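Hi,

Here is the structure I said I would pass on. Have a look at it first, and my notes follow below.

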Amino acid sequence: MRVPNSVVLPVGTHVDCCREEEVEEKRCDIMTKITAMLVERKSNLTHFINNLEGSEELEFYVDQWERLKEMETCTLTILNLVAVNCTDHHDIKKLEATILEHVKNEDLFPEVVRVLPPVYRQVEAAIVDIAQSEEMADHGMMDLQYLLSKLSQCEHLASLGRELLQDILRYLHRIGLVVWYEEIKHLESTVFLQPTFLITMFKLLVRYRLVQQLESIS
C-alpha cells in the first residue's frame with residue numbers, strides 16, 4: 001500500500017481442502033473484503049489529512065501531512081484472485097501462466113518493454129553458472145565482494161564495478177533470481193544465490209499452528 005502504482009495478485013491456496021462450491025464462495029468473500037479494506041484505507045487517509053489541515057498548528061505537522069498526501073496518491077490495482085491446489089503441478093503451472101500473462105500486460109506494467117543493457121544479461125547468466133557450480137554451498141550464500149571478484153574473472157565482465165553490480169543485483173532481486181537485503185545492515189554484504197534455501201528455512205521457522213505443535217511435544 002506504500003508502493004506507487006502497485007499491482008497485487010491475490011492467491012488462494014489449499015483448494016484441495018475445500019468443496020468445489022466453497023472455492024467460488026471464498027473467492028468472492030476475499031475479494032469483497034479486499035475492496036472494503038481499500039475503501040476504509042482511503043477513508044482513513046482522508047480523515048487524517050483533513051484533521052491535520054484543520055489544525056491551527058499545521059506547521060508542526062507538515063512532514064506528517066506530506067507523507068499522508070504521498071500515500072494518498074499510491075494507487076493499487078487488485079487483480080482477480082487465483083485459487084490453486086499447491087499439491088497439483090497443473091495448478092502451479094496455471095498460476096505461473098497467469099502471472100506471466102499479467103506481467104506482459106503493458107497497461108499494468110508500462111515499463112515491461114524496457115530494454116536492459118547487455119551486461120545485465122551477462123551478469124545474470126554468470127550468476128546462474130556460479131549458483132549451479134559444484135563449489136557452491138547448498139545455502140547459496142556469498143559475500144558481495146567475493147561475488148564481484150568471481151564475476152570479474154569472466155573475460156567480458158573484467159571491468160564490472162561494484163556500483164554497477166549493485167544496480168544489477170537490485171534488478172535480479174526484483175525478478176526473484178537472487179535475494180539481496182541491502183537495506184538490512186547485517187545482511188547488506190551477503191547475496192543469496194539460492195532463494196529456495198531461504199524459503200526452506202522460513203518453512204521450518206514460520207508455520208501454521210507452530211505454537212500448538214511445539215506444545216504437543218512432551
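What sits over the buried residues of helix 4? Strand 5 (141-143), helix 5 (144-152) and helix 6 (162-174) are among the elements that cover them. Keep in mind that this is a predicted model.

The buried residues themselves are Tyr120, Val123, Glu124, Ala126, Ile127, Ile130 and Ala131. They take up an arc of only 170° around the axis, so they sit on the same side of helix 4. Pro118, Asp129 and Gln132 are exposed, on the face of helix 4 turned away from the buried side. The length checks out too: with 15 residues (118-132) at 1.5 Å a residue, helix 4 should span 21 Å, and its end C-alpha atoms are 22 Å apart, which agrees.

Next, the aromatics. Searching the whole structure turns up two aromatic pairs.

Tyr181 lies in the loop between helix 6 and strand 6 (190-192) and Phe192 in strand 6, so the parts joined here are 11 residues apart in sequence. Tyr181 counts as partly exposed at 22% relative accessibility, while Phe192 is buried at 6%.

Finally, the overall layout: the domain assignment gives domain 1 (7-104) and domain 2 (118-201), with 31 Å between their centres, taken over C-alpha atoms.

Cheers

How values were computed
Residues numbered from 1 in each chain as written. Predicted model: local features only at pLDDT ≥ 70, side-chain atom pairs only at ≥ 80, totals over all residues. Heavy atoms only, no water. Domains from an automatic or database assignment. Helix = DSSP H or I, 4+ residues; strand = E, 2+ residues; numbered from the N terminus. Expected span 1.5 Å × (residues − 1). Buried < 20%, exposed > 50% of the residue type's maximum accessible area, 1.4 Å probe, protein only. Arc of directions from axis to C-beta. Contact = heavy atoms within 4.5 Å. Phe/Tyr/Trp six-rings, centres within 6.5 Å; stacked < 30°, edge-to-face > 60°.
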